[in-house]
Amino acid sequence: MPAISSNKPYRIGRSRTGLGLFATKPIKKGTRIIRYFGPLLDCNKEKDDAVENKYLFQLTNRWTIDGAVRKNIARYINHACRPNAESDVHPIKRKVYIRAIKNIQPGEEINYDYGSEYFKEYIKPIGCLCASCVAKRKKARAELRAERLRLKQRAERKARKALEKAQADARLKRKQAARKQLNGAHVNGLSPRKIHAVTSGISMRPRGSGRTVRA
Ligand SMILES: [Zn+2]
């Protein structure tokens, strides 16, 4: 790992994506933190144009900085979608600086946006691990969990209601069946009252049967 003199406001450290560059002192917004440097590649030269690595920084249609060299500490700076620094490009001077766009506190990782082309090519296929994307995915997962729970609870409520309705229906059917049985008893003439009436009819004596005949 390249040495960094102690008067620099940064150090190389472990980050979510491997290594990263971290502030060791407060860095004020607008400060040039570090230069991104390396050999200049001329795309008009076949040999230069053939160079392929993840640290190429295109300045113009013709010139590109090959930042893969060991001394280029700025190559440790990771991408972030909501960064605290930016690349400050000077195409005519063929120089690039990384500049703070926010006040950065000691311990904070320094990030800049690598741009949409790099993002599409290298980051999107594996998923962005920057703080805001990680937080976004976490939030999305939490929302999905909450939605699943809501759906589950709704299904349980529905099932409970269906069960209650089925039980109520069964009670009603039983009641109706009992009433029908009672009605059926009347139709068949087996009602206790009727039986009593018939019985008393039989025991009735014809009128005047016990009458005494006057002499
Ligand atoms: Zn991101």
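## Starting from Ile-110

Let's begin with one residue. Setting aside neighbours within four places in sequence, Ile-110 is in contact with Tyr-10, Leu-21, Phe-22, Ala-23, Ile-33, Ile-77, Asn-84, Ala-85 and Ile-104. Keep in mind that this is a predicted model.

## The core around it

Ile-110 also belongs to the largest nonpolar core, a group of 22 residues. Along with Tyr-10, Leu-21, Ile-33, Tyr-36, Ile-77 and Ile-98, Ile-110 is listed among the residues with the most contacts inside that core.

As a rule, nonpolar side chains in soluble globular proteins tend to be buried together. Across the whole chain of 215 residues, 16% are buried.

## The chain as a whole

Stepping back, you'll find 4 helices and 10 strands. Follow the sequence and the pattern reads β-β-β-β-α-β-β-β-β-β-β-α-α-α. Of the contacts between residues at least 6 apart in sequence, 64% link residues at least 24 apart.

## A three-stranded sheet

Now for an open sheet: its 3 strands run in the order S4-S6-S5, and the pairing is antiparallel. Strand S4 (40-42) and strand S5 (56-58) sit at the edges with a single partner strand each, so one side of each has no neighbour in the sheet. From one strand to the next, the twist averages 35°.

Look at S5 and strand S6 (residues 63-66) and you'll see antiparallel pairing over 3 bridges. Here Phe-57 stands opposite Ile-65 in S6.

Note on methods:
Residues are numbered from 1 along each chain as its sequence is written. This is a predicted model: local features need pLDDT of at least 70, side-chain atom pairs count only at pLDDT 80 or more; totals for chains, interfaces and linings use all residues. A nonpolar core is a set of buried Ala, Val, Leu, Ile, Met, Phe, Trp, Tyr and Cys residues joined through C-beta atoms within 7 Å. A residue is buried if 20 or more other C-beta atoms lie within 10 Å of its own, exposed if 12 or fewer, and partly exposed in between; C-beta atoms are placed from the backbone. Two residues are in contact if their C-beta atoms, placed from the backbone, lie within 7 Å. Helices (H or I, at least four residues) and strands (E, at least two) are DSSP runs, numbered from the N terminus. Two strands pair if DSSP finds at least two bridges between them. Axes are lines fitted to C-alpha atoms, for helices over the stretch in contact, and angles run from 0 to 180 degrees between N-to-C directions.
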